[in-house]
Amino acid sequence: MNKKILNITDSPLIRNYLKNKVESMGLDFINARDGFDGIIKMRNIHPDLVILDFNVPRMTLNQFLNDIFFFH
């Protein structure tokens, strides 16, 4: 089973660049365009690593982290 990496950023340039690099190493790479999309994918996919843009689109970084760590 391949390791899964989730990238959360709104930049298509960064998403495509990282996707090409990571997949060339034989890892699974999943992109999310904003914080809400990232939260949904984190809950469904359970990635091994998350690359998170400091300026998470559609929510603040604090909202994103609170939703992840304090979700019941």
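Which strands and which helix do the buried residues of H2 pack against? They pack against strand S1 (4–8), strand S2 (28–32), strand S3 (49–52) and helix H3 (61–69), where contact means heavy atoms within 4.5 Å. Helices (H or I, at least four residues) and strands (E, at least two) are DSSP runs, numbered from the N terminus.

A word on the source: this is a predicted model, in which local features need pLDDT of at least 70 and side-chain atom pairs count only at pLDDT 80 or more, while totals for chains, interfaces and linings use all residues. Residues are numbered from 1 along each chain as its sequence is written, and side-chain values use heavy atoms, with hydrogens and water left out.

**Helix H2**

Helix H2 spans residues 35–45, and Gly 35, Gly 38, Ile 39 and Met 42 are buried in it. They lie on the same side of H2 because they cover an arc of only 100° around the axis, taken from the directions from the helix axis to the C-beta atoms. Ile 40 and Asn 44, on the other side of H2, are exposed. Here buried means under 20% relative accessible area, exposed over 50%, and partly exposed in between (1.4 Å probe, protein chains only).

At the N-terminal end, Asp 34 caps H2, with a side-chain oxygen 3.1 Å from the backbone nitrogen of Phe 36. Just after H2 comes His 46, which takes a positive phi of about 55°.

**Salt bridges**

The structure holds 4 salt bridges, each a side-chain nitrogen of Lys or Arg within 4 Å of a carboxyl oxygen of Asp or Glu. Among them are these:

| Pair | N to O distance |
|---|---|
| Asp 34 and Arg 58 | 3.1 Å |
| Asp 37 and Lys 41 | 3.4 Å |
| Arg 43 and Asp 67 | 2.3 Å |

Asp 34 sits in the loop between S2 and H2 and Arg 58 in the loop between S3 and H3, so their pair ties together parts that are 24 residues apart in sequence. Asp 34 is buried, at 10% relative accessible area, whereas Arg 58 is exposed, at 60%.

Asp 37 and Lys 41 are both in helix H2, 4 residues apart, or about one turn of the helix. Asp 37 is partly exposed, with a relative accessible area of 23%.

Arg 43 counts as partly exposed, at 32% relative accessibility, and Asp 67 is partly exposed too, at 26%.

**A surface patch**

Leu 65, Phe 69 and Phe 70 form a nonpolar patch on the surface, with about 340 Å² of accessible area together. Such patches join nonpolar side chains (Val, Leu, Ile, Met, Phe, Trp, Tyr) within 5 Å, from residues with over 30% relative accessible area and no salt bridge. Accessible areas come from the Shrake-Rupley method with a 1.4 Å probe. Phe 70, in the segment after H3, is exposed, with a relative accessible area of 55%.

Technical notes
Polar contact = N/O pair within 3.5 Å; in protein donor to acceptor, adjacent residues only side chain to side chain. Patch = residues over 30% accessible without salt bridge, like charges linked within 9 Å, V, L, I, M, F, W, Y side chains within 5 Å.
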